[in-house]
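Subject: Structure for your review

Dear colleague,

I am handing over the structure below, and my notes on the ligand and on the aromatic rings follow it. Please read them beside the coordinates.

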Amino acid sequence: MRMVELIEKKRDGKALTTEEIRYFVNGYTAGTIPDYQAAALLMAIVLRGMDDRETGDLTLAMAYSGEVLDLKDVAPFVVDKHSSGGVGDKVSLVVAPTVAACGLPVGKMSGRGLGFSGGTLDKLESVPGFRADLSVAEFKAQLKQIGIVLTGQSANLAPADGKLYALRDVTGTVQSIPLITSSIMSKKIAAGADAIVLDVKVGSGAFMKSLEEARLLAEGMVRIGRAVGRQVVALISDMNQPLGYAVGNILEVREAIDTLHGGGPADFRDHCLEVAGEMLCLGGKAGNTAEGVRLAKETIAGGRAWEKFRQLIIAQGGDVRYVDDPARFPTATIIETIPAPQSGYLAAVRADEIGMAVLTLGGGREKKGDPLDHQVGVVLHCKVGDKIEAGAPLFTVHANDPARRAEAVQRVLRALTFSDVPVPPLPLFYGRLA
Ligand code: URA
């Protein structure tokens, strides 16, 4: 088989066979297929798509590029959640410890930043010492001991996704239903969870811009999950503005810490409670989602979710003094609040542009393997529907470089639209598939 023929076949809109897909995934994982050929095939997939059979084959080839965990010897029932990618999406940092604190083990393989969207692992690595590269043995031992793991792909766990994800991030090949489906579901299959809640985002700060696309993505992922014997629920959630107020690694960790202490922005807290409620329901800790939401709320209020988060940080080598006292986190050298240029109602936010502004500041990667600046980011001071007076604080930029700061400020200003007439707030969710 020759890689160039696979690229040409997909370029011409033809379906790849199961063997061809395996050849690509195994060759790229082993390093025998170079980045430039893999990137060309990924772009052909973005432009030409894949049918259901190809997407299923790609998912399984990626899942089986490493070990597929059987967790029965460490936990009787494990739940997981995954987001299709958004801006300010720090949901896993709150939901995973909350659910685990209710006695339902959470074994989760997360991702890094992708395109304009942030990544849970990058956020967690803001905590000095935190390790996101656990081996299979470490994953299992930690799940058994404290009932929570948040790690990334490793040489043994979905290594194909680890490599393809990093390549997609910097080659404009993120926005594709088959590539997102296979990336998410391969990790979920490899990590061995019995039940999965998928948080499928739609809107300006999501990879799916329309409800129709989001439904297609959700349906495809639910189908694949079911085909491999997992219980799956998909929520379709709004991403027409960042979730919460903070976008940027340390800033988001701090917002998640506030939320675990019972505070935090209302939209972010309510979103987390709903996802946690679904997970608790799937795991049999609640009879329905509303009961699950209640349980999650009590678990946060009683401090048990926070205690579980601390256990997670300690178990994975993080310096817990930082999360205990977030004032220890280093801050950017330039912290500047930008006033509203006019009075009115915040009508719309290009959340992808806010994500790109943070990338411009150094909070994301331009090239594979680029180091991140964890300190930088943007904190908005209003949500869609809020009334703002000219001159009132609109957003705060955290930067370490004056030129980047200027570019990011312009991007954020361009991303915000005002209206003279009242605008309704955005909903949190648009639908649920089970
Ligand atoms: N999250 C993933 O893990 N992969 C994607 O492709 C998008 C979001």
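**Ligand site**

In this predicted model, the side chain of Arg168 places an N or O atom 2.9 Å from an oxygen atom of the ligand, a polar contact being a pair of N or O atoms within 3.5 Å. A polar side-chain atom of Lys187 is 2.6 Å from a ligand oxygen atom, and one of Ser183 is 2.6 Å from a ligand nitrogen atom. Of the 240 Å² of accessible area that the ligand has on its own, the protein covers 97% (Shrake-Rupley method, 1.4 Å probe).

The residues around the ligand, counted as near if a heavy atom lies within 4 Å, are His82, Ser83, Ser84, Leu114, Tyr165, Arg168, Ile180, Ser183, Ile184 and Lys187. Helix H9 (177-191) is among the elements that give two or more residues to this shell, together with strand E1 (79-83) and helix H8 (159-169), and H9 gives the most, with four residues. Helices are DSSP runs (H or I) of at least four residues and strands (E) of at least two, numbered from the N terminus.

**Aromatic rings**

Four aromatic pairs were counted, for Phe, Tyr and Trp (its six-membered ring) with ring centres within 6.5 Å. The ring centres of Phe24 and Tyr28 are 6.4 Å apart with planes at 15°, so this pair is stacked (planes under 30 degrees apart). Both residues lie in helix H2 (residues 18-30), four residues apart, about one turn of the helix.

**Conventions**

Residues are numbered from 1 along each chain as its sequence is written. Local features need pLDDT of at least 70 and side-chain atom pairs count only at pLDDT 80 or more, whereas totals for chains, interfaces and linings use all residues, and side-chain values use heavy atoms, with hydrogens and water left out.

Definitions and conventions
A polar contact is a pair of N or O atoms within 3.5 Å; within protein, one must be able to donate a hydrogen and the other to accept it, and residues adjacent in sequence count only if both atoms are side-chain atoms. Rings of Phe, Tyr and Trp (its six-membered ring) pair if their centres lie within 6.5 Å; planes under 30 degrees apart count as stacked, over 60 as edge-to-face and the rest as tilted.
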